[in-house]
Amino acid sequence: MRPAAPHRLLLSSLCLALCCLGGARGSRRSDNHEWKKLIMVHHWPVTVCKEVENDCRDPPDYWTIHGLWPDKAEECNGSWHFHLEEIKDLMPEMKMYWPDVIHPLNHSHFWKHEWEKHGTCAAQLDALNSQKKYFGGSLDLYRDLNLNSMLQKLGIKPSINYYQVSDIKDALASIYGVIPKIQCLPPQQGEEVQTIGQIELCFTKELRLRNCTEPGEPGGPGGPAPRGPRTGVSGGTGLEVCEDGPAFYPPPPGALP
Ligand code: 5GP
């Protein structure tokens, strides 16, 4: 027997509700916050300033931390809010090595952003499962990597002469024993070459160094050309995995005669 009209209406509403529920579950499933590697992202403050075209008075003349990012997961716990109080012991080091380059008078918005977007996902690891551990652990990794000294040692310094991206990549790989990822600002109007902006070194969940890219991956050895912007500072044109070829490693303003 066919259901009477009001029942049919009820049935179709039920179906619609179930479909919606299924859809919502489906989208949550795809947003499953699973990740495999941690990326220690160093940025070159001079390039950050160039990208946002703000004045950025006296950006640091050393590589600073942009963040410690799990790949493939963001904003894993919207109710785990940032509390500056929890990292007050780390303050001197945070200001020195993890400054907000764009807003140097107020760092905490940047730290809040990094915690909420990336830290809440990294916190799946016991070693990083509090704000103190996430920021403190990131500072430890940054110190251990000692990128600024390594670049110095390799003779890679900001210069008006261009570098070959592959030379920098190979030099870093020889020091760290893993493949890093280097990101650049594409040439802007009137510029000949891309500008180096970020250097990423990757870690396993056990916090051991691992390759950032594997052979065949975009940006990896023998892989296809990298596609599209990966990170974009508002008002800027965005960083991309550097193209093989020449790149500018810009000296801080005032460093040149
Ligand atoms: P993510 O949002 O994944 O941490 O990184 C990309 C964003 O970081 C960019 O769009 C930009 O807004 C932000 N960013 C990069 N460097 C800085 C910085 O020094 N200060 C601030 N406030 N934001 C930054």
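Modeller: Contact here means heavy atoms within 4.5 Å. Keep in mind that this is a predicted model. Let's start with Gln 131, which sits in helix α5, residues 131–145. Leaving aside neighbours within four places in sequence, Gln 131 is in contact with Trp 80, His 81, Phe 82, His 83, Glu 86, Ile 87, Trp 115 and Gly 136. Gln 131 has 0% relative accessibility, so it counts as buried. As for what its side chain does in there, it reaches the backbone oxygen of His 81 at 2.8 Å, and a polar atom of that side chain lies 2.8 Å from the backbone nitrogen of His 83.

Now for the rings. The structure holds 14 aromatic pairs. Take Phe 82 and Phe 135: their ring centres are 5.9 Å apart with the planes at 70°, so this pair is edge-to-face. Phe 82 belongs to the loop between β2 (64–70) and α3 (91–97), while Phe 135 is in helix α5, so the pair ties together parts that are 53 residues apart in sequence. Both Phe 82 and Phe 135 are buried. Phe 135 also pairs with Tyr 134: with centres 5.0 Å apart and planes at 75°, that pair is edge-to-face too. Tyr 134 counts as buried because its relative accessibility is 0%.

Zooming out a bit, ring pairs link Trp 80, Phe 82, Trp 98, Trp 115, Tyr 134 and Phe 135 into a cluster.

Notes. Residues numbered from 1 in each chain as written. Predicted model: local features only at pLDDT ≥ 70, side-chain atom pairs only at ≥ 80, totals over all residues. Heavy atoms only, no water. Helix = DSSP H or I, 4+ residues; strand = E, 2+ residues; numbered from the N terminus. Buried < 20%, exposed > 50% of the residue type's maximum accessible area, 1.4 Å probe, protein only. Polar contact = N/O pair within 3.5 Å; in protein donor to acceptor, adjacent residues only side chain to side chain. Phe/Tyr/Trp six-rings, centres within 6.5 Å; stacked < 30°, edge-to-face > 60°.
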